[in-house]
Amino acid sequence: VMASPYKPLLDRYGIDSFPTIVVINANGQQLFTVNYREGGPQAYIQELLQKLQHMQMGGPGSFQPGRY
C-alpha cells in the first residue's frame, strides 16, 4: 500500500489493506467500505449486500435514488 501510485486515494478513504471496496457518491463522499473477511468470497459478498440493504432502508449515509 505504501508504494502505490494511488496513495492519495488510499489515504483519503482510509484504505490500509486489500481487498477493500469503497462505495462513494458522485461527490466523492464515502458511503461505506467493505474489507477482507475470512470465509472466502461468500462472506465478503454477504457483508457488501448487508451494507447495501442497510442503505436502501435509510441507514446512515443511505442511498436515495436520483440524489446523486
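Which residues make up the largest nonpolar core? In this predicted model, where local features need pLDDT of at least 70, side-chain atom pairs count only at pLDDT 80 or more, and totals for chains, interfaces and linings use all residues, the residues are numbered from 1 along each chain as its sequence is written. Side-chain values use heavy atoms, with hydrogens and water left out.

The largest nonpolar core has five residues, namely Leu31, Phe32, Val34, Tyr44 and Met55. A nonpolar core is here a set of buried Ala, Val, Leu, Ile, Met, Phe, Trp, Tyr and Cys residues joined through side-chain atoms within 4.5 Å, and buried means under 20% relative accessible area, whereas exposed means over 50% and partly exposed lies in between (1.4 Å probe, protein chains only). Two or more residues of this core are given by each of strand S2 (30-35) and helix H2 (40-56), and the largest share, three residues, comes from S2. Helices (H or I, at least four residues) and strands (E, at least two) are DSSP runs, numbered from the N terminus. In soluble globular proteins, nonpolar side chains tend to be buried together. When its neighbours within four places in sequence are left aside, phenylalanine 32 is in contact with Ile21, Val22, Val23, Leu48, Lys51, Leu52 and Met55, where contact means heavy atoms within 4.5 Å.

The structure also holds three salt bridges, each defined as a side-chain nitrogen of Lys or Arg within 4 Å of a carboxyl oxygen of Asp or Glu. Side chains of opposite charge can pair when their charged atoms come close. One of the salt bridges joins the side chains of aspartate 11 and lysine 7, with an N to O distance of 2.8 Å; both residues lie in helix H1 (residues 7-12), four residues apart, which is about one turn of the helix. Lysine 7 counts as partly exposed because its relative accessibility is 25%.

A salt bridge also links glutamate 47 with arginine 37, and their closest N and O atoms are 2.5 Å apart. Glutamate 47 lies in helix H2 and arginine 37 in the loop between S2 and H2, so the pair ties together parts that are 10 residues apart in sequence. Glutamate 47 counts as buried, at 10% relative accessibility, whereas arginine 37 is partly exposed, with a relative accessible area of 42%. Glutamate 47 forms a salt bridge with lysine 51 as well, the closest N and O atoms being 3.2 Å apart, and these two residues both lie in helix H2, four residues apart, or about one turn of the helix. Lysine 51 is partly exposed, with a relative accessible area of 28%. Through salt bridges that share partners, Arg37, Glu47 and Lys51 are joined into one network.
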